[in-house]
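Have the structure open as you read.

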Amino acid sequence: ASLAAAALPAAAGARRRRACGLLAGRGSCLPSPSHSWTPAARDAARIVAARDRPTAAADAASAVDATVGAAPQVAKREPGGDERVAALEGEVLMLRKELAEARTAVRISQEAALLATRKLSEVQAAAQEAKAEAEAERDSFRAEIEAIKQGRTAQAAIPAVGAVLPAELAGQVEGQLAAMEEQVAALRKLLAQEPGPPSAGPAHAAAQAQAAPAHSPAAPAPTPAPAASAEARAAPAAPAAAAESARFTETRAGIEAAAAVAEAEQRRVAARDANPALEPVVVGEGAAEVPPLQAEVMMPPGHYWTLPPQRYDFMQERPLRVGAWEGVEQAGEAAKAGKARTCNFYRLPGLLAKEDADRILAHVSSSEAYVKEPDSVDHTPTFEYYPFKSGKWVDEGMRPLLEEAMNTRVLPYVRERYGRPDCAVADILVRRYLPGERRTHAVHFDGHAFVTAVLGLSNPDDYEGGLYVQPGADVASRTFFRVEPGDLVVHSFDLQHGVHVWKGVRYSLIFWIKDSAEAVAEHTTPWYDELAERGDADALYALALNYSNGSSGKALDIVKAIELYERSARIGHHFAQNNLGSLYKKAHKVMGLAGGLEKSAGWLRSAADAGFAMAQKNLALAYAAGEGVPRSEAEAASWMRRAAEQLDVEAAHLLGDMHREGRGVRRDFVEAAMWYRRSAKAGFPQAQYTLGVLYLEGQGVEKDQRKAEAWFRHAARQEVDEAKNNLAALFAQRGDVTEAANIWSELAGKGETNAQCNLGMCYMRGLGRERNVEEARKWLQQAAAKGHRMAQHALVQL
């Protein structure tokens, strides 16, 4: 770009000199091609040229303007003046055109220079970290050699710490296996249409029914029995196995037919929609035709991780009066999947006075009611609480601060705006976003609410980011709202949105509103049935989600869920495509659905190609496991990178794992640390823990126990047991054994093996606890029963 801006034609240069006499000698800022410059020097010269060129362009523009004003009067006083004036004016017009082109080229060159500078900084940082990594690895080898020489001296000095980090991997594997077993059991229960014992399939049901008594841990040792007695024991199990097999067969047949049913239903809806009198219902006002959603556009590496949040600007505004409050309503719209329709949303600046919002903020920021229950979207701790739940006040301290505004402003506005006079508040939720805790809520729909209203509490100048809307599948369509204290942002169930707080502290209060008090009392979502019948893609998706979970008044029905997901997915709903892929995969694993994995990968690929980060992550996992696609670690890493580049914090952590272990990519601890750090700063708990391990071991980063402890603290606050264990080990190493024992006591009560061993050692040695042989034996026996070798050796000593 710099070369293009500099290489103007020679004739243009002559015209410039004749026109104003100020551009002579201002040729290209680059050295002559005959000069022998190094690539680095040439790049530096281009950056300098790009930086200086705006000044030269401004001087040229001023000179041209001055010359154009004076030239006609001078020329007309000479013979043939009119012709010369016309020729000069023509040259001036050409010069202005060339100046405009040059300014454009300068702008492009500045952007290129900025990217080059940023890349240079990244390369320098990577080189520095690579050097640190090499030195750390050298020191590690030396330390290992020294440890071999010294034997078990360190272990004897602090016996309670020895089991923590060396046994860490075993603890992780045991935890993952337990989680997988729980997930399988949950899936079996999910897909069972009638009450009964979970089963992996018809072939396994009979085997489990016959073998369970012999393999049950609590059963006594088997004793010989007559053949007739064995047959009698097996007889009751046979009908149950046959019934289970029949249920699976029926469900598989229904799933296989669901796609055809969905296709036929879509044809019926399309034929009906040809009649203008039967247009689908649109929530809110102002629905309009918009261009179809665009697919993902690939950006330079790290683009969205460094791009400042892009603000959404409301372009429509009207005066509004709600009860005694007078103000304005600002309106915006976002594209919906399907028939190129829009979803509308609104902002009411200052619906509550700032003083009232400040009082609410003071109340919620001092509350101790926040819980860490797993979030329904990403399953990480929520840091939220409900002052109002299922239509009733829970936090009586909040009631006098908010109830009047809710009944006289929020509800009247929603009822009028959405044409539902019976709307009622179901829940009020408060969420906090603090450094080290949750910083994001991934893009989602509020499927359990007819309307959502978000009340601003924190000053937007105190944090960066916040509430965003993302109408498209990819993160490029994401823009952030500026919400002042007392502002209310209102949207319907079909708005795709989320939260990402890059810096600072943010509190927000959310009203979830249903269309009637009956829906609140019965925990139902009746508005979806009518909208789904009319072919609304978002309603089809939400209704399918209810059937797949057996929630919101809908009985568990996997066949119905797949049919509705199919209809929504065929319209182009990327959430439906992703969920359909996951459901087909579960149906294959639990009941052996033929072609389930292939269908799963196909729908995941549709959503991933559209740019949906969640589907890209799931497709990466499919390639890593060879589920429905050929197994390929390289393809897995490629798709995981695309998801991570789109700010998916879990994908960023998983990509760090791939670089750390060399799966599908070159093993690179520096690159791994970069992705762990991005995910950890965005609040992903496992990445915070892993980054702490890297700092503890000096892998990809400079070894720093202080930073390791800081990240372990963040992860521990988000209930990562491994982080708590390592944090306790660091406390013990510096002599604070009492605090370490307190942490191990908490973890041991939850069944964490390493903590049970360490707590037993504390009681055995009298470290952080009074010496108690019986307590030591109790905890060591629990750890030893799980195969913990140090606990087994300690029991021998005991």
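This is a predicted model: local features need pLDDT of at least 70, side-chain atom pairs count only at pLDDT 80 or more; totals for chains, interfaces and linings use all residues.

What follows covers the cavities, then the ring pairs, then a couple of arginines sitting over rings.

**The second largest cavity**
- Its volume comes to about 90 Å³.
- Sort the lining of this second largest cavity by residue type and you get 6 nonpolar, 4 polar and 3 charged residues.

**The largest cavity**
- In total, the structure has 5 cavities of 30 Å³ or more, and the largest of them holds about 110 Å³ of space.
- There are 14 residues lining the largest cavity, and Arg431, Leu467, His497, Val499 and Ile510 are the ones closest to its centre.
- Strands do a lot of the work here: β6 (424-433), β7 (440-444), β8 (451-456), β12 (497-504) and β13 (506-514) each give at least two residues to the lining of the largest cavity.
- Which strand gives the largest share of that lining? That's β13, with 4 residues.
- By type, the lining of the largest cavity splits into 6 nonpolar, 5 polar and 3 charged residues.

**Aromatic pairs**
- The structure holds 24 aromatic pairs.
- Why does the pair of Tyr312 and Phe345 count as edge-to-face? The ring planes sit at 65°, with the centres 5.3 Å apart, so the pair gets that label; the cut-off for edge-to-face is over 60 degrees.
- This pair ties together distant parts of the chain, 33 residues apart: Tyr312 is in the loop between α10 (303-306) and β1 (316-322), while Phe345 is in strand β3 (residues 342-348).
- Are Tyr312 and Phe345 buried or exposed? Both Tyr312 and Phe345 are buried.
- Phe388 and Trp393 make another edge-to-face pair, at 5.0 Å centre to centre and with 80° between the planes.
- Phe388 is buried, and Trp393 is too.
- Ring pairs also join up into a cluster made of Tyr346, Tyr418, Phe450, Phe493, Trp527 and Tyr528.

**Arginines over rings**
- Arg432 sits over the face of Tyr370, 4.7 Å from the ring centre.
- Look at Trp675 as well: Arg678 lies over the face of this ring, at 4.7 Å from the ring centre.

Key. Residues are numbered from 1 along each chain as its sequence is written. Side-chain values use heavy atoms; hydrogens and water are left out. On a 1 Å grid over the protein atoms alone, a cavity is a set of points where a 1.4 Å probe fits but cannot get out, and a pocket is an open set with protein on both sides within 12 Å along at least five of seven lines; lining residues have an atom within 4 Å of a point. Grid points are joined across faces, edges and corners, and a volume is the space filled by probe spheres set on the points. Ala, Val, Leu, Ile, Met, Phe, Trp, Tyr, Cys and Pro count as nonpolar, Asp, Glu, Lys and Arg as charged, and the others, Gly among them, as polar. Rings of Phe, Tyr and Trp (its six-membered ring) pair if their centres lie within 6.5 Å; planes under 30 degrees apart count as stacked, over 60 as edge-to-face and the rest as tilted. Buried means under 20% relative accessible area, exposed over 50%, partly exposed in between (1.4 Å probe, protein chains only). A charge sits over a ring if NZ of Lys or CZ of Arg is within 6 Å of the ring centre and within 35 degrees of the ring normal.
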